[in-house]
Amino acid sequence: MSTATDSTVTGPTAVRRPAASSPNRVDARLHRGAGRWVVLALAGLFGLAMLSPFLLMLVNAFKSAADYSQNGPLSLPTEFYTQGLVNFWNRTDFPMKLLNSVLISGAVALLGTLLSLVTAYAIGIGRIKGRVWILAVFLVANMLPQEAIIYPLFTMANAVGLSNSQWSVIIIFTVIQSAFGIYLLSSVLTTFPVELLEAAALDGAGRFRILWSVVYPILRPTLGVLMVFFFIWTWNEFFIPLVMLTSNATQTVPIALASLQGDRLMDAPTINAGALVSLLPALVFFLIFQRTLTRGVTAGAVK
Amino acid sequence: MTTTQAPTRRRRATWVPYLPYLIPGVIAFVVIIGYPLAMNVYYSLFRWKGGLAPMRFYGLGNYADLLADEAFWTSFRNSISMIIAMVIIPTLIGLVLAAVLFDYLGRRFGPRVASVLRATYYLPQILPVAVAGVVWNWILNAQDGAINVLLTGLGVADPPDWLGNPDLAMPSVMLVLIWVQVGYPVVIFMAALQRVDPELYEAAELDGAGWWDRLKAITLPQIRPETFVVALTCTVAALKVFAPVYVLTRGGPEGTTLVPSYYSFLNFFDKSKVGYGAAVATVLTIVIIVVAGVILGLQARSERREREGR
């Protein structure tokens, strides 16, 4: 996890360093005493407790069923056994689930960000009349329980021939996720430098031109954060895919794992192997985009 | 900003041309959220088995039935447990952890140590909660779960059935939810603390203020805005919680971990009582909007007070 460290840190260290180095007394006092090691040990133990489910999963993902039933969940595997992984991979047709998840999350990230940008352009830059109320509606939409729309959506998907189709899930999540995106981008855009817009308008750029050649390039970092968010959120979604995607060929990764639960043929090592490969894509994605993401969590909180 | 000086007629003209950019979003929201939400309320006025079955008008009968339904009341009582596990405890732990990482460990061992610890606390937040729930389901398993094997090894003769015992199932689910949630307030609060001038802490320390004094005088006031954000988002999430309950207990044993979202799901797709499920979902929606409104109101009041105090 060491790559997960150097994002938000750079700011405060840069600020703090001069202050900490000037009065040497403070520095010296801070580095004295055994108490700090106790606190560090406690914080470290808490971290270990947080990680322990993952460690248990990792250890048991590479055990054979015989090894597991003989030595239990707490021992290290006697051999590096990968048949559990292969079992899960084949039984769930994992590449297909992976493809479904990537397709759905990727499409939602792209379309949701696009819809957020265009709508927020009208609200934040265009300052549409009644925009406070429009934003309030989006805010409420973001809070709605999915149960309150699922049955009609299910019926509608059937009516238009999108039952058990990834497209139904893509369309639904594009709208649900962009509720947050519109809210965030609108508040960012209300502080957009007016001089830039006026200069572009003087140069004869139309509204569409201004959106793509002035607003979009400046917003790109924020849009990147939004896309990462939308991707991970959609990847992790459970309820709507569970209801809408009813066949093996359309299911996403989390549903595939959960639906194997309670299957008598799935022993504990196989379940753990399955959990491991189901977690990996989200983990890899997180590590790749860690810098963008930590910035985004913060940005989302202040807005 | 500059348009405020312009005459009213010109100002009106400036926003109208932007309307086309609003239209796709409005259509999308009406079709995907507005219309289904209205239809759900409409369904809740009927007795309906779903699909092609006949819909029989029932008025507010479903809602009247809810009032007499013990499972319905249990599910909302359990929402309080969810709020304790997903809002109150994580916020308190997160507060202490963020303060310890930022004000204590970060300054004694460097920011790198603090960020590594923060990342370990945050990890459960980024992974699919359903997958984490499947792992926990196995860890808490009565026969070969890691916890009970450990307990047996320590000499406990009859370790409990964590998810199968009606008295223990809810505390076990709550434990998992605390584990899932705790990293979120830590990250948000640490980000908030980075706005504090570090010299403020140093000056307080030189004046002899202990760690607890600094927490009360500097840290808590500083993170108040973020506390409201955390309280709002986590409370809404706690009221909506579905996947952990689905993979851990399916609302059992004996309905002790039933939550509103799972209860409405059960009625929709398991019991084929669509109108009844729609009524549960409608009540849940109203509860969420009211609770969110209360939190937003408290936030506005707190901000007002802070402005007046200055």
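The domain assignment of chain A, automatic or taken from a database, gives domain 1 (19–81) and domain 2 (92–260). Taken over C-alpha atoms, the centres of domain 1 of chain A and domain 2 of chain A are separated by 38 Å. Chain B is divided into domain 1 (2–61) and domain 2 (70–309), and 32 Å separate the centres of these two domains of chain B, again taken over C-alpha atoms.

This is a predicted model, in which local features need pLDDT of at least 70 and side-chain atom pairs count only at pLDDT 80 or more, while totals for chains, interfaces and linings use all residues. Residues are numbered from 1 along each chain as its sequence is written, and chains are lettered from A and ligands numbered from 1 in the order in which they are written.

The model scores ipTM 0.87 and pTM 0.86. Chain B averages a pLDDT (the predictor's confidence in each residue, from 0 to 100) of 89, and 95% of the residues score at least 70. Over residues 1–9 of chain B the pLDDT is below 50, and this stretch has five contacts in the model beyond near neighbours in sequence. Where pLDDT is low, the predicted coordinates should not be read in detail.

Between the domains of chain B, the contact (C-beta atoms, placed from the backbone, within 7 Å) takes ten residues from domain 1 of chain B and seven residues from domain 2 of chain B. On the domain 1 side, the elements that give two or more residues are helix H2 (19–43) and strand E1 (46–47) of chain B; helices (H or I, at least four residues) and strands (E, at least two) are DSSP runs, numbered from the N terminus. H2(B) gives the most to that side, with three residues.

The contact between the chains takes 75 residues from chain A and 82 residues from chain B. Helix H3 (residues 35–61) of chain A gives the most to the side of chain A that touches chain B, with ten residues.

The table gives the class make-up of these contacts. Ala, Val, Leu, Ile, Met, Phe, Trp, Tyr, Cys and Pro count as nonpolar, Asp, Glu, Lys and Arg as charged, and the others, Gly among them, as polar.

| Residue set | Nonpolar | Polar | Charged |
|---|---|---|---|
| Side of domain 1 of chain B that touches domain 2 of chain B | five residues | three residues | two residues |
| Contact of H9(A) with H11(A) | seven residues | four residues | no residues |

Two helix pairs follow. Axes are lines fitted to C-alpha atoms, for helices over the stretch in contact, and angles run from 0 to 180 degrees between N-to-C directions. In chain B, the axes of helix H14 (residues 260–269) and helix H15 (residues 274–309) come within 7 Å and cross at roughly 160°. That makes H14(B) roughly antiparallel (over 145 degrees) to H15(B). Among the residues that meet are B:Tyr263 and B:Phe268 in H14(B) and B:Val280 and B:Leu284 in H15(B).

In chain A, the axes of helix H9 (residues 166–189) and helix H11 (residues 207–236) come within 11 Å and cross at roughly 155°. H9(A) and H11(A) are therefore also roughly antiparallel to each other. Their contact includes A:Phe173 and A:Leu184 of H9(A) and A:Phe230 and A:Trp233 of H11(A).

Terms used. Parallel < 35°, antiparallel > 145°, perpendicular 65-115°, else oblique. Contact = placed C-beta atoms within 7 Å.
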